[in-house]
Every structure is written in structure tokens, then in C-alpha cells.
Amino acid sequence: MKSLWDDAEAERLRKAAGDDPAEQDLAMRVYTSQLIGQEPDLVLHGGGNTSVKTRRRDENGAERDVIHVKGSGWDLATIEGPGLPAMWLDPLLEARKTATMSDEEMVAFLRREMLDQSGPNPSVEALLHAFLPAKFVDHTHSCAALAIANQPNAAEIAREIFGDELSIVPYVMPGFKLSHAADRIHAEQGAGTSGQFLVNHGLFSFGDDARTSYERILRYTTMCEDYLATKGAALMPEEVGTKALDPEAHTAVAALRIALREWGLFAENLALDLRLSEANDCFLALEGLAEITGRGTATPDHVIRIKPRPVIGEATFGVEDWREAIKDFAAWYEAYFNRNAAHADEPKTMLDPLPRVALIRGLGIVGIGRTAKEAGVAADLAEQTARIVLAAEGIGRFTPLNERDLFDMEYWSLEQAKLKPKA
């Protein structure tokens, strides 16, 4: 990971923000958020979040602590100031004393403390950002970190890599519970640390200025990359230009389209995005591909975009083959829903049971969506997953979040909200 920080650009942005220190802090937060978002191996398609603590005046003219946190629905690569809504910090810190809070209560609570009620909902991890004491906090789902975070002994490996520099947080559902768990662990293990490693989830870094926090997340990601390399399982390079210009020039993809169009969701609007690369070839050639990809997604929030698993076929598949494969996938998804919805805290309504990724052995990876954008997002995440799984299997066993927890993430209302376009 190479730092993209540029002193001249940072100074230009700081001056453009004017004389208000809070606006200068926000400008630096936007700057390094965009730097993180430019690197797909750090975050992809709305993943990750960032924050900055500063001071602003209230309606009485008194200066008070505030925190700006990435808003739900915004992408770090293109984020601007409005995408980092501000909240009064002290009431958020008081939430440490609250033992439980429902998702709906947390969203309402965070909104009540927003300075501008027209802004987007703050990230579901806003309280975690608030509880961490540093001024700047960065959170990513980097590929190298996920190859390690999805190991059965992820915590042990993380301690080997980071020593006492990061505290280790076991998997906890994001939101209120994770904020309290991470805060407790930081209080117990956090002296002298400058970040956190979250099992099955990703990395946090923090610092007193934007550059320090940003370059720490790069450093920790590089440490993960180096560990993989020393084990002979370095991430395969992300290849440029892997997108097939005419997916349906391949008969298996054309047949896939016909089979998918027979389902109501895709009857009128369907886009397919075929990706061809050396990494994809290696991934598709894995022994036990169906079992491996059936374990789950590389990071939990991918599930809302690509479902818990892909549909798998062959380059020789015709329409009838795909009909059977999609029918089997839909039957599996319905069974997955029924066995997990029975344990949910509230009634759930099943989403559509259709795949968003097709793995075609002997050809490539296909993203499936109702629009070209949806299909492209699915293909991007699937290609990234392929590289993560190859590295994870290279050092041990790809062991993502278990099915019950993954279901909870897929059917979590706060995750589904991310799919709604921002106002």
C-alpha cells in the first residue's frame, strides 16, 4: 500500500475551507476518505467508514464537541462534506451507560443529535467511532486483512502480525453491540494501541491528524499483505481491463440470460457483467469450489449485494442447464431463509431467491443485476472475493461468518437501507 497523501493538495484544501478550524478538519477528513476510497483493495462500493471529532458552535453560540461520521449510502471514493453528517459528541458518549438499544432506537438517537436534520443517517458504526478517543478514525475492509480475518485462528494470527499495536475484537454484529464491545476491549487492551483488528470484519486505525490515521490503515494493510507473501499466499494482482466487452458472445452467458429472464425479477430488466482474468481462472479451478464459496461472503456487508453464495455452472452450459442451476439455487435460498428466519427476533419477509453472481468454470465470473451498475458492483465484489479466497486458502482455510450471523446481516434493516439511493 502506497500513501497518496500530497502536502500541496492538503494545504490547498485546508485553505479553501476557510478560517473555521472545524471546516478545516472536515476538509482533511474528506480528503483522506477519498484517498482510501480510491484504492479498491481497501474498500469497495460503499464499504468502510471514517470520522473526525472537532468543535462547532450551538444555537447559543457556545462551542461544543461534535463528530462527523460517514453517512449511510455514501461511497468513500466520492464522498463530500454533506456525506459526513455531524452529531453532538457528548450525548453519544453518554450512550456508554445504556445497556441495550434497538436498531430503530439507535438510528432515532443518532438523528436527534445531528446538527443538520436534512443529512443522511450516520453510519451504523457511528457510536464505535465516537467511543474511540482519537480525533480521526478510519475503518476499512481491505482484501489482505480479510484473508486473515476469515481464518479459524484469525485472532492468533493478528497478534502474531501486530503484537500489541492493535487490540483484537471478536466478531460482534455491527451497530450498538459492536460499539460497546470494541469500546470495552479498547479500555482493557487499548493503552498504546493505534487501531483494532476485527475478526470476520476488517481494520480500524486512528490518530490525532488525518494523515496519521490514513497512513496507519495503509501500514496495517501492508503488514497483512507481507504476512500473506511470507506464507506463499500473496494476493494475486488486481487486473485492469478484465471486463468482457460482449459477455453474450460466450454461449454460456447468453444461455444464462435466457434462463434468468424466466424469473419475474429479471423478466424486463437484466444486466450481466462478465469478468475474465488469471486470478478468476485460478479461483474457478479450486478443488471443492462449491463447498468453499458456499461458506459465505468475504465480509458480512457484501451479502446484501451478492447473496450468501453464487450459482455455479460450466462453460458448456446451455439454457436447460442454467434453468436447473437457478432452480436449485432458489430452492437452497428458500431453505436458507426458512431455517434462519425461525430464529430471528422479529418476523422477516424473504427477499428474492435469485443469484447475483454466477461462477462459470472454464470461462469467468458474471455479475447479475437489474441494471449495468448493479451487475458491475456484483462482479467487482465477486472478483475481489476470488482474490481473498485464494489467499485465505493459501494460508489455511477460508472461514467467513457463520450462516446464522450472515442471515442476520442480510436481513438487518440498517444494512438494507444502504441499497436505497441517497437523497
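**Ring pairs, cores and sheets**

Biologist: Which residues is phenylalanine 197 in contact with, leaving aside its neighbours within four places in sequence?

Modeller: In this predicted model, phenylalanine 197 is in contact with Ala145, Ile148, Ala149, Ala154, Ala158, Phe162, Leu166, Ser167, Ile168, Val169, Gly202 and Leu203. Each counts as a contact because heavy atoms come within 4.5 Å.

Biologist: How many aromatic pairs does a search of the whole structure find?

Modeller: The search finds 12.

Biologist: What makes phenylalanine 162 and phenylalanine 197 a pair, and why is the pair called tilted?

Modeller: Their ring centres are 6.0 Å apart, and rings pair if the centres lie within 6.5 Å. The planes stand at 45°. Under 30 degrees would count as stacked and over 60 as edge-to-face, so the rest are tilted. The pair is therefore tilted.

Biologist: Which parts does this pair tie together?

Modeller: Phenylalanine 162 lies in helix H7 (residues 154-162) and phenylalanine 197 in strand S6 (residues 195-198), so the pair links parts that are 35 residues apart in sequence. Phenylalanine 162 and phenylalanine 197 are both buried.

Biologist: Why is the pair of tryptophan 332 and tyrosine 336 called stacked?

Modeller: The angle between their planes is 15°, and planes under 30 degrees apart count as stacked. The distance is 5.1 Å centre to centre. The two residues are four apart in helix H14, so about one helical turn separates them. Tryptophan 332 and tyrosine 336 are both buried. They belong to one aromatic cluster, together with Phe329, Tyr333, Phe337, Phe407 and Tyr411.

Biologist: How do you know that lysine 307 lies over the face of tyrosine 333?

Modeller: Lysine 307 is at 4.3 Å from the ring centre, and the limit on that distance is 6 Å. The charge must also be within 35 degrees of the ring normal. Lysine 307 is found to lie over the face. Arginine 64 likewise lies over the face of tryptophan 88, at 4.0 Å from the ring centre.

Biologist: Which residues have the most contacts inside the largest nonpolar core?

Modeller: They are Ile148, Phe162, Phe197, Leu203, Phe283, Leu359 and Ile365, in a core of 68 residues. The elements that each supply at least two residues include helix H2 (21-37), helix H6 (143-149), helix H9 (210-230) and H15. H15 gives the most, with 10 residues. A second, separate core has 30 residues, among them Ala252, Val311, Trp332 and Tyr411. In soluble globular proteins, nonpolar side chains tend to be buried together.

Biologist: What makes S8 and S9 edge strands?

Modeller: Four strands form an open sheet in the order S8-S11-S10-S9, with mixed pairing. S8 and S9 each have a single partner strand, so one side of each is left without a neighbour in the sheet. The twist from one strand to the next averages 25°.

Biologist: How do you know that S9 and S10 pair?

Modeller: Four bridges join S9 to S10, and at least two are needed for a pair. These strands run parallel. Isoleucine 312 has leucine 359 in S10 as its bridge partner. H14 packs on the sheet and touches S9 and S10, and its direction makes about 160° with that of S9. Helix H15 (residues 372-395) also packs on the sheet, touching S8, S10 and S11, and its direction makes about 145° with that of S11.

Biologist: Why is S8 called largely enclosed?

Modeller: Five of the five residues of S8 are buried, so S8 is largely enclosed by the rest of the structure. Ala271, Asp273 and Arg275 are on one side, with Leu272 and Leu274 on the other. S8 and S11 are joined by five bridges and run antiparallel. Leucine 274 has valine 366 in S11 as its bridge partner.

Biologist: Which strands are at the edges of the sheet of seven strands?

Modeller: The order in this open sheet is S3-S2-S1-S4-S7-S6-S5. Strand S3 (86-88) and strand S5 (167-169) are the edge strands, as each pairs on one side only.

Biologist: What makes S5 and S6 a pair?

Modeller: They share three bridges, in the parallel sense, and a pair needs at least two. Serine 167 stands opposite glutamine 196 in S6. Helix H8 (residues 176-189) lies across S5, S6 and strand S7 (202-207), running at about 150° to S5.

Terms used:
Residues are numbered from 1 along each chain as its sequence is written. This is a predicted model: local features need pLDDT of at least 70, side-chain atom pairs count only at pLDDT 80 or more; totals for chains, interfaces and linings use all residues. Side-chain values use heavy atoms; hydrogens and water are left out. Axes are lines fitted to C-alpha atoms, for helices over the stretch in contact, and angles run from 0 to 180 degrees between N-to-C directions. Buried means under 20% relative accessible area, exposed over 50%, partly exposed in between (1.4 Å probe, protein chains only). A nonpolar core is a set of buried Ala, Val, Leu, Ile, Met, Phe, Trp, Tyr and Cys residues joined through side-chain atoms within 4.5 Å.
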